[in-house]
Amino acid sequence: MPQPYTPALSAEWRRVRVDNAMIAARTSRVTKRSIKADTKLRLLKLALSMVDLTTLEGQDTPEKVRALCRKARRPMVEQPDLPHTAAVCVYPNMVPVARQALGPNSPVKIASVATGFPSGLIPLALKLKEVEQAIASGADEIDMVIDRGAFLAGDDEKVYNEIIAVKAACGAARLKVILETGELGTLDNVAAASRLAIAAGADFIKTSTGKVKPAATLDVTLVMLEAIREHYLATGVQIGMKPAGGIRTAKLAIHYLVLVAETLGSDWLDPKWFRFGASSVVNDLLHQLTRRETGTYPSPRRYSVD
Amino acid sequence: MSRLRIQKTIKQYIGGKFVRSESGRTLPATSSRGEAMHVCQGSRKDLRNTVRIARSAAGAWGARSGFNRGQILYRLAEMLDDRITAFPTSEDDVIASIDRAVYHAGWCDKVSALLSTLNPVQQAYVNYSMVRPLGIVFCVPDPKDGLLGMVEAVCSALVMGNSLILVVPVERAELGLALAEALHTSDVPGGVVNILTGDVASLVAVANIMDDLDAIVCAAGLLAKEEAVAVEIQGASVLRRIWWRGPATKPATPHELQKLAEIKTVWMSSGADITGGASY
């Protein structure tokens with residue numbers, strides 16, 4: 001159970017100072033790792049199995065969500081032995097559609113954004129209602145957003161208590177807490193918000209909604225991974241990580257995996273502990289996998305437009 | 001007092017930028033001034049990246065009006081004319097190239113009227129066909145055709161609204177770069193014309209496995225027999241258009257240009273049979 005909020009807790013989270021130059025140096029090293037062909041093949045498949053295949057648009061239709069579910073279950077018809085994606089990620093209204101498309105005991109999880117996504121600026125009672133309804137319609141995971149306005153105003157108590165309340169409403173569903181790092185301004189804030197979310201009971205911390213630029217970057221991901229590492233070393237409890245938004249290429253996805261492996265170790269190289277919030281990266285992963293399979297460079301036109 | 005002239009770096013032209021090969025590799029060659037120089041060796045990854053860039057540039061270029069494309073090709077002719085002495089080739093070659101650019105500039109807004117048709121059909125439909133860009137064209141002109149060969153390859157692909165990748169062998173890299181400089185100042189959008197330099201046969205071998213190339217236009221007889229067979233076979237597997245071109249002294253006719261276009265046919269109900277006449 002999370003501790004009740006005290007100003008001392010807040011001071012502890014906000015105490016952290018991030019060395020931006022060192023973070024940049026470490027992430028730039030990650031992008032230069034040489035990865036051999038066999039490992040790359042394994043990482044491409046692993047990355048595919050870690051994707052939360054996402055559609056969060058005002059123009060989402062039931063049929064689009066059904067198509068997304070089909071793609072999540074079998075990313076490429078020609079290669080049925082490829083892994084399915086970890087989950088689909090949709091708006092709460094689309095959860096029943098996804099549940100119907102995937103069936104009751106699907107290996108592909110259903111993640112629903114909630115709590116007034118993407119801004120998080122609705123009353124707490126409505127946030128909890130939204131979470132309950134998403135779970136009742138069949139969501140396995142909840143992606144909540146924090147109230148960035150409150151965080152930036154220094155009202156850590158509000159942010160903290162909201163996460164605790166949402167976590168309680170989630171029950172058995174895993175809770176991912178979106179920090180929206182693009183709106184937090186500094187890496188120090190990212191570090192503080194990560195610690196706050198973890199202390200409040202987040203199962204996953206997630207970078208972004210995908211609606212704000214910059215979305216996920218290697219730098220903010222590393223800062224968040226360090227918070228996870230610190231928590232693990234102190235308590236032995238694993239917390240998951242989900243960079244989301246802006247990850248469009250297989251190459252970048254592999255950079256993320258290298259960053260995770262080098263920061264947290266290979267225990268985190270599992271869809272249970274690491275996810276990509278993305279959609280277009282799947283096509284590039286399939287592109288690279290086909291290229292390895294056939295030796296040719298397939299056209300982007302061979303893949304479905306999500 | 002003799003002046004020490006500075007050496008020019010012979011780069012490739014990709015996505016509207018003058019860049020070195022991603023591989024960092026170069027091939028030795030001799031410049032037009034007789035000095036030793038190094039030319040970028042275009043790699044598999046260069047071609048892969050260029051295909052991606054050319055694809056993203058193709059849409060907007062193909063959507064431009066023929067008239068606008070014609071203006072831009074005419075602008076290319078102006079730029080060539082300004083630089084007659086800048087090209088490491090004969091003046092006749094440059095003048096022939098200028099004339100060729102003007103020739104193709106003229107076709108831009110006329111070729112679709114010439115190749116589009118109103119087709120006679122039995123039922124009450126208006127049925128017409130029009131030309132649409134093919135997409136990305138991979139061009140391998142004969143080095144013996146000099147600048148004219150390159151200009152002919154570039155312009156014939158541009159007339160039909162395609163983007164293209166021009167492959168230039170090491171011994172013509174300076175000439176290719178000079179053409180790129182003219183193109184760069186001609187309002188041709190970045191990524192529409194891309195120039196790779198290096199070993200032609202190995203770049204063609206990579207092009208063969210690039211599914212996203214819509215056509216390969218190569219000078220007839222330039223490749224060895226087995227290389228040409230590979231182009232045909234691999235092209236057939238992805239329904240790629242292959243065109244073995246004759247000498248560049250002869251410009252592409254509109255009917256030949258049609259090889260670099262798709263035909264789109266539209267059926268529209270004319271309503272005549274339903275109403276028994278044109279009552280609406």
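In the predicted model, B:Glu35 is partly exposed because its relative accessibility is 30%, a category that lies between buried (under 20% relative accessible area) and exposed (over 50%), with a 1.4 Å probe and protein chains only. B:Glu35 forms a salt bridge with B:Arg33, with 3.4 Å between the closest N and O atoms; a salt bridge is defined as a side-chain nitrogen of Lys or Arg within 4 Å of a carboxyl oxygen of Asp or Glu. B:Arg33 is likewise partly exposed, at 37% relative accessibility. This is a predicted model, in which local features need pLDDT of at least 70 and side-chain atom pairs count only at pLDDT 80 or more, whereas totals for chains, interfaces and linings use all residues. Residues are numbered from 1 along each chain as its sequence is written, chains are lettered from A and ligands numbered from 1 in the order in which they are written, and side-chain values use heavy atoms, with hydrogens and water left out.

Over all chains, the structure holds 39 salt bridges. In chain B, B:Arg100 pairs with B:Glu152 in a salt bridge whose closest N and O atoms are 2.7 Å apart. B:Arg100 belongs to helix α3 (residues 91-107) and B:Glu152 to helix α5 (residues 146-159) of chain B, so this pair ties together parts that are 52 residues apart in sequence. Helices (H or I, at least four residues) and strands (E, at least two) are DSSP runs, numbered from the N terminus. B:Arg100 is buried, with a relative accessible area of 8%, and B:Glu152 is buried at 1% relative accessibility. In chain A, salt bridges that share partners join A:Asp52, A:Glu141, A:Asp143, A:Lys176, A:Lys206, A:Lys242 and A:Arg275 into one network.

A further salt bridge in chain A connects the side chains of A:Asp188 and A:Arg17 (3.9 Å, N to O). Because A:Asp188 lies in helix α9 (residues 187-200) and A:Arg17 in the loop between α1 (7-14) and α2 (20-30) of chain A, the pair ties together parts that are 171 residues apart in sequence. A:Asp188 is partly exposed at 24% relative accessibility, whereas A:Arg17 is exposed, with a relative accessible area of 61%.

A:Ser112 is located in strand β3 (residues 109-114) of chain A and is buried, with a relative accessible area of 0%.

Backbone geometry was also examined. The peptide bond from A:Phe117 to A:Pro118 is cis, with omega near 0°, and A:Pro118 is located in the loop between β3 and α6 (124-136) of chain A. The bond from A:Lys213 to A:Pro214 is cis, with omega near 0°; A:Pro214 occupies the loop between β6 (204-206) and α10 (218-235) of chain A. Although A:Glu180 is not a glycine, its phi is positive, at about 50°. A:Glu180 is in the loop between β5 (174-178) and α9 of chain A and is buried at 0% relative accessibility. B:Leu239, a residue other than glycine, has a positive phi near 55°. B:Leu239 lies in the loop between α8 (225-237) and β11 (241-245) of chain B and is exposed, at 78% relative accessibility.
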